[in-house]
Amino acid sequence: MEPPSVETNLNQRIAIVGTSGAGKTTLARQISQQMGIPHVELDALHWQPNWVETPTEVFQIQVAEALSGDRWVVDGNYNKVRHVIWSRADTIVWLDYPFPVVLGRLLKRTVWRVTTRQELWNGNREGLRETFSQDSILLWMIRTHWQHRKTYPLLFQQPEYAHLKVVRLSSPQAAQQWLVIRSP
């Protein structure tokens, strides 16, 4: 994995990964806007109304269709579609932020979403019940943060992903600097 470098070669198929709450969707939207390429938000494809998960086979087909073009940026960590995404991507941007940074961002985002009743995808909203349930996004982040730190470096070394350029960003400031470097 390389630190962000000054590079003018703009890759065209970018996957953003990282712990829930790190800012994957925000960075993907910024890249989409900056490069004029489509943004695919995996959560929007995965979550049907009433927080029902899209069946795996359907989800895989939807993701493959969404990424059928030559230029796109996608955000999310769904293992069940990783092979679809990573086999087509040319770049992985890993938001590998410290635990306190991600937890703080996620807490702030969750409070905002619960308070404002912001619609996320397909009519779904975060509420107090979801926030304090066993399926809480906060608990999910706590359970997966260190797991991602262990598994992503191993995945990046797999032969089927040797074609990927991996950019590991260790802070929100590094992500913004990387985005500025990439701007046309």
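Which side chains meet in a salt bridge at 3.7 Å, N to O? In this predicted model, in which local features need a pLDDT of at least 70, side-chain atom pairs count only at pLDDT 80 or more, and totals for chains, interfaces and linings use all residues, the two side chains are those of Arg29 and Glu41. Residues are numbered from 1 along each chain as its sequence is written, and side-chain values use heavy atoms, with hydrogens and water left out.

The protein chain has an average pLDDT (the predictor's confidence in each residue, from 0 to 100) of 87, and 89% of its residues score at least 70. Over residues 2–9, however, pLDDT stays under 50, and for this stretch the model has 15 contacts (heavy atoms within 4.5 Å) beyond four places in sequence. Where pLDDT is low, the predicted coordinates should not be read in detail. The protein chain contains eight helices and seven strands, which are DSSP runs numbered from the N terminus (H or I and at least four residues for helices, E and at least two for strands). Of its 184 residues, 46% count as buried, where buried means a relative accessible area under 20%, exposed means over 50%, and partly exposed lies in between, with a 1.4 Å probe and protein chains only. Among contacts between residues at least 6 apart in sequence, 74% join residues at least 24 apart.

Side chains of opposite charge can pair when their charged atoms come close. A search of the whole structure finds five salt bridges, each defined as a side-chain nitrogen of Lys or Arg within 4 Å of a carboxyl oxygen of Asp or Glu. In the bridge between Arg29 and Glu41, Arg29 belongs to helix α1 (residues 24–35) and Glu41 to strand β2 (residues 39–41), twelve residues apart. Arg29 is partly exposed, at a relative accessible area of 47%, whereas Glu41 is buried at 16%. A second salt bridge joins Asp90 and Arg13, whose closest N and O atoms are 3.9 Å apart. This pair links distant parts of the chain, since Asp90 lies in the loop between α4 (79–88) and β6 (91–95) and Arg13 in strand β1 (residues 13–18), 77 residues apart. Asp90 is buried, with a relative accessible area of 16%, and Arg13 is partly exposed, with 27%.

A further salt bridge, at 2.7 Å from N to O, is formed by the side chains of Arg149 and Asp96. Here Arg149 in helix α7 (residues 137–156) is linked to Asp96 in the loop between β6 and α5 (99–116), 53 residues apart. The relative accessibility of Arg149 is 32%, so that it counts as partly exposed, and that of Asp96 is 3%, so that it counts as buried. Salt bridges that share partners join Asp96, Arg149 and Arg168 into one network.

Packing of the helices was examined next. The buried residues of α4 are Val81, Arg82, Val84, Ile85 and Trp86, and what covers them includes β1, α2 (42–46), α3 (56–66), β5 (72–75), β6 and α7. Helices α1 and α8 (residues 172–182) pack at an angle of about 10°, with their axes 11 Å apart; the axes are lines fitted to C-alpha atoms over the stretch in contact, and angles run from 0 to 180 degrees between N-to-C directions. The two helices are therefore roughly parallel to each other, a term for angles under 35 degrees. In this contact, Leu27, Gln30, Ile31, Gln34 and Met35 of α1 meet Gln176, Trp178, Leu179 and Arg182 of α8.

Key:
Angles under 35 degrees count as roughly parallel, over 145 as roughly antiparallel, 65 to 115 as roughly perpendicular and the rest as oblique.
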